[in-house]
Amino acid sequence: MWASQVGYLAAQPRTLHPKRGRLSPQYKSLAALGAFALAPVSVQQPCNAGEHQAFTGVVPTQPGAIIQVAVDTGVYSHCNMGTCKTERVRVVKLSCLQQMNSLQVRADNCRGFDKADLYMVSDKYVCCECLRCCGRRDPRPRTVWLGHPEKRDQRYPRNVINNQKYNFFTFLPGVLFNQFKYFFNLYFLLLACSQFVVEMRLGALYTYWVPLGFVLAVTVIREAAEEIRCYMRDKEVNSQIYSKLTARGTVKVKSSNIQVGDLIIVEKNQRVPADMIFLRTSEKNGSCFLRTDQLDGETDWKLRLPVTCTQRLPTASDLLQIRSYVYAEEPNIDIHNFVGTFRREDSDPPVNESLSIENTLWASTVIASGTVVGVVLYTGRELRSVMNTSNPRSKIGLFDLEVNCLTKILFGALVVVSLVMVALQHFAGRWYLQIIRFLLLFSNIIPISLRVNLDMGKIVYSWVIRRDSKIPGTVVRSSTIPEQLGRISYLLTDKTGTLTQNEMVFKRLHLGTVAYGLDSMDEVQSHIFSIYTQQSQDPPAVKGLTLATKVRKTMSSRVHEAVKAIALCHNVTPVYESNGVTDQAEAERHYEDSCRVYQASSPDEVALVQWTESVGLTLVGRDQSSVQLRTPGGHILNFTILQIFPFTYESKRMGIIVRDESTGEITFYMKGADVVMAGIVQYNDWLEEECGNMAREGLRVLVVAKKSLTEEQYQDFEARYVQAKLSVHDRSLKVATVIESLEMEMELLCLTGVEDQLQTDVRPTLETLRNAGIKVWMLTGDKLETATCTAKNAHLVTRTQDIHIFRLVTNRGEAHLELNAFRRKHDCALVISGDSLEVCLKYYEYEFMELACQCPAVVCCRCAPTQKAQIVRLLQERTGKLTCAVGDGGNDVSMIQEADCGVGVEGKEGKQASLAADFSITQFKHLGRLLMVHGRNSYKRSAALSQFVIHRSLCISTMQAVFSSVFYFASVPLYQGFLIIGYSTIYTMFPVFSLVLDKDVKSEVAMLYPELYKDLLKGRPLSYKTFLIWVLISIYQGSIIMYGALLLFESEFVHIVAISFTSLILTELLMVALTIQTWHWLMIVAELLSLSCYIASLVFLHEFIDVYFIATLSFLWKVTVITLVSCLPLYVLKYLRRRFSPPSYSKLTS
């Protein structure tokens, strides 16, 4: 076959030099790749003209090198792989054609290979050989033999879905690394380790190791629980059972055990387990529908076609009897394209079929019709769905990073104080050891209890969210970042299933002079009934006369023409299923209404056909060549399909030519977007205005038109159409030109308005988010028109805002012009397609993001999953603001995992997004309360808690500094043993931690006034200003308590400890009361419990405190005076501030 197609060159011996550019037309250049230069390759002629001609490349290599050769031909083709031998790389004889960009010889890391035999044919066709050794390689094209996975030419990954961050061996090292890579935890690790050195030890080891161990244990247990949950979810997916065709018959196999080359049977409504080529279907029409919403976010069902050769086989088991293989391109992330070929070798002549995206069944899609058989091409990490999903990452909240920054400042203060203490001793003796002892002595400046309190606080916030009865079903899957919910600046949301219910409802039929809404559909029904009743009563001669006579149409006939056009112009197929009473064959024969299900590539079309059924004209049958409609009287109307012109994103319209079997009339029906149909239909004065009115109501508008054709007109069109389809050059252009010759002066029949039902309370929720200062971006895989309609319907774009639809750009110049046009518009929402977005980000990333961030709303349509994640990443990098991504499908997982806060909606598209998200909700409207109430409370509570814990530690550190200064800068601890541990645990822990229950306003007020949320975006609850205020308060109170105790004690040192420590405990309890804004009964219990614990423990603390002294009146008045001096001024300041500078929420609470 090759000899007849290819004129071979007479290969003359010559030398090809690497990296020297192109040779004469007979020879392609040789590009050398690898870590070292290649020697010249000599080309020889080992065979006669007309046969496969080979040249031998003599390539000096290093031990362990791999030689890979490929030749550029500029033509599309396919290739088989060769095999590696131990001493000499031998090439098997191939008949393959490959499109590549250059003749390449690659050598990297080889084991004793020094020669390669390479086959070469003419400058037009080339036979190439890619040689491999064992080990993991870059993805390459592959040859897959049907039903013979053992014949594979390379190693393929296991078909295992793995969403875990760690495995068994990396879990503990990974968790510990993520903990100690931050300064806060690393500091305490070094501090605890220093206590093993005797010269540095200041107290018992448990005072340092117990708190650190507790923090690590909580973290490890939490991470382990999340990993186990993730493992169980993955196990559930990997354990799904499928049927596999083998020589022994059909066997059951787990999804994880499926291999490349296996023949897998997938039932209706079953998930496709791996990327496959579609070989057979049980459907009579020889095709199947595929739901791809988990993959690309599109609700339209996709039509898939089996390989013609295998569909013709009598039974599925015959697939194992034929000798055939599929050649497929290397794995890549493009879910919209595929290039491959199918070859059957045991037929005469061999059968070759080209394969495209129409022949594929990608993993994570769902079979919507029939039972299919496919051969597995890609598995595991090479799946399109997996390659479009980013790896999960450990999210660290912005709040935690800010706290980490504050601890670095505190560490700087710790070092400064220690150096000052040693400097005041004039660096006497072993001063460097003194510095370390002071560092350990003042180590309380950085409180380890801060980490414990914040982590426990996050657990409480998560528990409160789960228990909220107003957002039932909400699940917190990542308990480390609830504070993020309180500072979101950008919300990126999916459309289908998130903002909408993915349920299309027919809302409006407009005939120009009259419009029918949902409340007047019975009028349409009566018109249809009257028309068919009249026709059944008229004799055939009168009927024909009526149709032929051009008179002014009655309203009934206008409605009838419109409904009939809608019932015929579509790609919907009615399918009959058994319902337990009637079997499938009988239901199909009698057109049983109860057994009928409509299947189509678009839910819009199903909604239209269901509406025609509701008004009396029912689609009851359809195949490749005919359509059957049933009238209200039960009469079947038969139509022959002559031509179908499917909808494309370029044409924005679809058409069908049918012949009425009863009258022989040929009619061309067409429906499409108003922007293209306006130039096709006859002149009218109402189309543009009514389309605008319906679009403003958020309806998807379609214009329906028709044109009657004579037999001669159709025959002329068909001849030209067939000729255009046979054309080799500019085929698509010639076909479009022929079709456009029909698309002139068509009769406008009606407008239809279909609405994608929004989720409950989407509009008020989006308005709440807008008022809270959150900008909402909608990222969807759906069409531009659909996305724009939904944005208007959901009030994502308000009625007063203009919409700038960014036109399709393909190069830098077009992008520059369009960006300039967009720059001149103000307060304008942006609608842009994924292709245009890619061009803009390639050449003008900074300029585009700057303009987009100024928009009140942005809609990105036709977005790939990786593009969604890229937009999130760019927003984070360019603005530095926090992002929240919301979605419900598998195509949203990358976006959800990339965002600072990912929210998954459990919906019709499954739980994939919900399981991958940080938070899971059941409805979009719950997002408002999740952010406005729980996000706001979590952030404000954590800010108050962290600053109070720092204040508590700075107080005791200030007292230690004063104590050491008074006693000649001695590095002696003021409090020892149990006192120092009890201070931050049983004596003050409960009141301080009770701040996680505090709130400034009620949840109803927070929802009613979302502007309160906007204040948090500035980060004021935890800022350098508030931090400095708390530091000054701590220094003031610590100094007052210590100096007061030193002034008022009389004789024994132990009295200083009793007075100062008791005053310190009371001061902390009073400060908690001062900080609380809304009292909870648990706060009162915590205060009383802590005070009781301290009083009760005094009996056991005789080693540190004089029990007899604390029972005296002298002790009581001294403690009272010190406590009042330390706290009363702060109460006065708080009152004055609330009186003269009240916070924004004070009026709302009053």
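Two strands pair if DSSP finds at least two bridges between them. Helices (H or I, at least four residues) and strands (E, at least two) are themselves DSSP runs, numbered from the N terminus. This is a predicted model: local features need pLDDT of at least 70, side-chain atom pairs count only at pLDDT 80 or more, and totals for chains, interfaces and linings use all residues. Residues are numbered from 1 along each chain as its sequence is written, and side-chain values use heavy atoms, with hydrogens and water left out.

Start with the sheet. Strands of a sheet pair through backbone hydrogen bonds, either parallel or antiparallel. Strand 39 (residues 901–905) and strand 40 (residues 919–921) run parallel and are joined by three bridges. Val905 has Ile921 in strand 40 as its bridge partner.

Stay by strand 35 for a moment. The loop between helix 21 (784–793) and strand 35 holds Thr798. This residue has a relative accessible area of 23% and is partly exposed; buried means under 20%, exposed over 50%, and partly exposed in between (1.4 Å probe, protein chains only). Thr798 is 59 residues from Ala857 in sequence, yet their C-alpha atoms are 9.4 Å apart in space.

Now turn to charge. Side chains of opposite charge can pair when their charged atoms come close. A salt bridge is counted when a side-chain nitrogen of Lys or Arg is within 4 Å of a carboxyl oxygen of Asp or Glu. The structure holds 30 salt bridges. One of them joins the side chains of Asp468 and Arg929, at 2.6 Å from N to O. This pair links distant parts of the chain, 461 residues apart. Asp468 sits in the loop between helix 10 (449–467) and strand 21 (475–476), while Arg929 belongs to helix 28 (residues 926–966). Both Asp468 and Arg929 are buried.

Asp892 and Lys868 form another salt bridge, with the closest N and O atoms 2.7 Å apart. Asp892 lies in the loop between strand 38 (882–887) and helix 26 (893–898), and Lys868 in helix 25 (residues 865–879), so the pair ties together parts 24 residues apart in sequence. Asp892 is buried, at 0% relative accessibility. Lys868 is buried too, also at 0%. Elsewhere, salt bridges that share partners join Lys495, Asp604, Arg700 and Asp756 into one network.

Arg720 and Asp716 form a salt bridge within a helix. Their closest N and O atoms are 3.3 Å apart. The two residues are four apart in helix 18 (residues 711–725), so about one helical turn separates them. Arg720 is partly exposed at 33% relative accessibility, and Asp716 is partly exposed at 44%.

Finally, return to helix 28. Two packed helices are described by the angle between their axes and the distance between the axes. Helix 28 packs on helix 33 (residues 1024–1048) at about 40°, with the axes 7 Å apart. Axes are lines fitted to C-alpha atoms, for helices over the stretch in contact, and angles run from 0 to 180 degrees between N-to-C directions. That angle makes helix 28 oblique to helix 33; under 35 degrees counts as roughly parallel, over 145 as roughly antiparallel, 65 to 115 as roughly perpendicular, and the rest as oblique. The crossing of helix 28 and helix 33 is right-handed, the near helix being turned clockwise from the far one by less than a right angle.
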